[in-house]
Amino acid sequence: MPPRRMGAAAARGEDRIGALPDDLLLHVLSFLPAHDAVRTCVLSRRWRPVWKSLRVLRLTKPQSWGSATKFNRFANSVLFFRSRAPLEELTFETYMYDAINPLLDKDQKNERVKYAQRWIMYALTHNVQVLRVLVSSRLSRPQLRPVPLLRLSEPLISQHLMTLELKSVVLTNNSMDFSSCPALKNLKIRDSKIWVHKISSQSLSRLSVNNCEFSGDICAQIFAPNLSSLLLDVRSGRLPYFPSAVLLVKAYIRLDQYCRDRCWHSNFEHCAHDTCVDCYGNNDRSAKCVLLRGLSNAKNLELAVHSVYIQNRAAAIFKRDMKLCPIFSNLKTLVLNGWAVACELDALICFLQHAPILEKITLQLNGLNYNVEMRESCSSIEKIALPEHLKLVEVRCQKISENVHKFVDILNAYGITSDIINVVEMDG
């Protein structure tokens, strides 16, 4: 019956959808890209003003406009004609920059982000709660990485901002000082350059830094005492660190081999000089665990490296920190992805003495990682006292080879018995 009534209404030219309340119409339109939402104004006189009161704006699919100038003109018009209603969410993309063929894009490179900061200010002055700034660029050669075009250097000021997502931007000066954003809970940064001295927020609970480059000269500090979830994927530069422990539940740390924290004097190990800039960056980091020190409250921790080569800087950083780490009194699960063998297990064994309630360890041996010479002699290894709650050590590999069996033998020699070891072949 309902379909027949709707069909009859359509035959009589009735707008049954248009008869719905404004709030419901705005909710439906909020799922559409802005250009589709605006087009509804031609349906009838009833629809003409509806889009102007949208509380969720998605300025996306800029390539469909054919040029950055046309897309920018449209975006500016939408914001100009929109009503003064508060804005709950603004997502905007910029027109794609072709970093592979920059000469073809030379004239319009600056046009792509010309109004980006104006749109950000518009959102903040209209009490936006969710703001996504997505700068688009094709991958550059030879690194095949996005090219950040938008530079942000001033701190944001908003009493309402709760979620901020930034893609392909350059962050400098005080841009990561969120002391004037007391409601901020979620911060996501990807494919960006973070050249700041500190990232600070008293309210932040979730931080995701994915495929980002930090400064090679500045050791950024992260002040976020209420942080509960952390994803830190460092592409290059010096590692950020936490001056004090945070209230973490889950942390995922992934480092590239181009990280700059290293010491040429001692083959990536500590050189015992407290003032060594290459080891510690500054005196505050001397003779202490650098990265893991602030993560000691975590319940779930994963440490991963991008490259699997034995003299990997990222693996050396983890190895150094695990030997100097404090007690992880809440840690229940630990995942070492791609570097357990490269560190010859001594760092892991040392770490186990600092994780009293650890229940599960996952050792993921990727690619060439386990095809290395096992230097340990099982007969010379001393057994250790394992965490009493340890129930499972899962060894994940691409193929169960002779070296994997050797690896398990070494675990046995340390006192990790076969009844809690499970070797799993990964798909693909």
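Me: What covers the buried residues of α2?

Reply: First, the ground rules: this is a predicted model, where local features need pLDDT of at least 70, side-chain atom pairs count only at pLDDT 80 or more, and totals for chains, interfaces and linings use all residues. Residues are numbered from 1 along each chain as its sequence is written, and side-chain values use heavy atoms, with hydrogens and water left out. Helices (H or I, at least four residues) and strands (E, at least two) are DSSP runs, numbered from the N terminus. Contact means heavy atoms within 4.5 Å, and the cover over the buried residues of α2 includes α3 (34-39).

Me: Which residues of helix α2 are buried, and how wide an arc do they cover?

Reply: Buried means under 20% relative accessible area, exposed over 50%, partly exposed in between (1.4 Å probe, protein chains only). In α2 (residues 22-29) the buried residues are Leu25, Leu26 and Leu29. They sit on the same side of α2, because their arc around the axis, taken from the directions from the helix axis to the C-beta atoms, is only 100 degrees.

Me: How many aromatic pairs does the whole structure have?

Reply: Rings of Phe, Tyr and Trp (its six-membered ring) pair if their centres lie within 6.5 Å. Planes under 30 degrees apart count as stacked, over 60 as edge-to-face and the rest as tilted. A search of the whole structure gives six.

Me: What kind of pair do Phe71 and Trp119 form, and how many residues apart are they?

Reply: Their ring centres are 6.3 Å apart and their planes stand at 85 degrees, so the pair is edge-to-face. Phe71 is in helix α4 (residues 68-81) and Trp119 in helix α5 (residues 116-125). The pair links distant parts of the chain, with a separation of 48 residues.

Me: Is Trp119 buried or exposed?

Reply: Its relative accessibility is 1%. Trp119 therefore counts as buried.

Me: How many residues apart are Phe92 and Trp119?

Reply: Their ring centres lie 5.1 Å apart with planes at 80 degrees, so this pair is edge-to-face. Phe92 is in strand β2 (residues 89-93), Trp119 in helix α5. This pair also links distant parts of the chain, 27 residues apart.

Me: Which residues do ring pairs link into a cluster with Trp119?

Reply: Phe71 counts as buried at 0% relative accessibility, and so does Phe92 at 0%. Both belong to the cluster. With Trp119, the ring pairs link Phe71, Phe92 and Tyr115.

Me: Where is Ser168, and what is its phi?

Reply: Ser168 is found in the loop between β5 (163-167) and β6 (169-173). It counts as buried, because its relative accessibility is 0%. Its phi is positive in a residue other than glycine, near 55 degrees.
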